[in-house]
Amino acid sequence: RSAPLVGRLVVVGLGLIGGSFAKGLRERGMCREVVGVDLDAESRRLAVQLGVVDRCESELAAACVGADVIMLAVPILAMEKVLAQLADLDLGAAVLTDAGSAKGNVVRAARRALGERFARFVPGHPIAGSEKSGVEAANGKLYRRHKVILTPLAETDAGALALVDGLWRALDADVEHMSVEHHDEVLAATSHLPHLLAFGLVDSLAHQSENLEIFRYAAGGFRDFTRIAGSDPLMWHDIFLANREAVLRILDRFRSDLDVLREAVDRGDGHHLLGVFTRARVAREHFS
Ligand code: NAD
């Protein structure tokens, strides 16, 4: 255990992501006090009972008194409202950060709401999670050896950035910094598009099949490909509304490549198919 990095940490939204951040820092003694806020009374009760936080408040204003760091881990589409509420509070020199899965829309909302205080807002996104959600799933080791992307802006205060960076490193995360635009492009390609394809494929097959009979014949490949269609529909609905432009760009590129594959199947062009499949296998070997 090292000395605490911060005095009072406030975590807004005690689900899987906020709960795991709070619990991990608390377990490692990184904060003198961890205060939780959540709209849901049962989540607040469980957060205290499971040792995720020291105490909870139902009101944001009460929780943020004397805060040194405020982590926003609410659903993406709730960020704007929470940021607007924070703008009305006296937060002193508190550092603000978030964990939203898309960054452009959260950054725009923060810039609008926070005014001069925007410099103390450090946008972030932990690339970790699971199909589980809620405070019961909070796990202090969730972020170990996972990437966390911080997307500071030109005006982001260097001290605020270093503090948030240090908190994630204390959780053994592998922290990287990149631009908001690059983050949203990369995540649209590697996370958002695959989720859209998995949800879309399962739904398409389900409504073509009487009583879901077709799934009785699904083998390992289908299970692997569609595992992520078991993710939280509400969270994903938020992500596609928040990251529309980047998702549309990659989706259109993918659609045109899919059309080329369709044409190759149509004209029985084995040479083309073999070329695509071989290139894909080689590319995949680079990251697996
Ligand atoms: P979750 O559903 O498990 O938890 C969200 C919590 O926020 C709930 O307890 C809910 O009651 C609370 N909440 C909602 N509106 C609120 C408000 N206005 N004020 C206070 N509390 C409020 O969700 P999660 O999976 O922990 O996701 C939280 C954030 O982290 C989202 O922005 C999401 O995009 C991001 N994220 C999720 C994952 C993942 O895989 N789950 C990964 C990386 C980032």
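Predicted model: local features only at pLDDT ≥ 70, side-chain atom pairs only at ≥ 80, totals over all residues.

Modeller: T156 has a relative accessible area of 12%, and because buried means under 20%, T156 counts as buried. This residue sits in the loop that runs between β8 (147-150) and α6 (158-170). Apart from neighbours within four places in sequence, the contacts of T156 are A119, F121, V122 and L161.

We may now turn to the second largest pocket, which holds about 160 Å³ of space. Its lining consists of G104, N105, R108, V180, E181, D184, E185, A242, N243, E245, A246 and R249. Two or more of these residues come from each of α5 (104-114), α7 (180-208) and α10 (244-266). The largest share, four residues, is given by α7.

One of the elements that line the pocket, α10, can be checked for its length. Its 23 residues should span 33 Å at 1.5 Å a residue, and the C-alpha atoms at its ends are 32 Å apart, so the two values agree. Within α10, the buried residues are A246, V247, I250, L251 and A264. An α-helix has 3.6 residues a turn, so residues three or four places apart point the same way. The buried residues of α10 pack against α7, α9 (233-242) and α11 (270-285). Just after α10, G268 adopts a positive phi of about 65 degrees.

How values were computed: Residues numbered from 1 in each chain as written. Heavy atoms only, no water. Buried < 20%, exposed > 50% of the residue type's maximum accessible area, 1.4 Å probe, protein only. Contact = heavy atoms within 4.5 Å. 1 Å grid on protein atoms, 1.4 Å probe; cavity = no way out; pocket = protein on both sides within 12 Å on 5 of 7 lines; lining within 4 Å. Points joined across faces, edges and corners; volume = space filled by probe spheres on them. Expected span 1.5 Å × (residues − 1).
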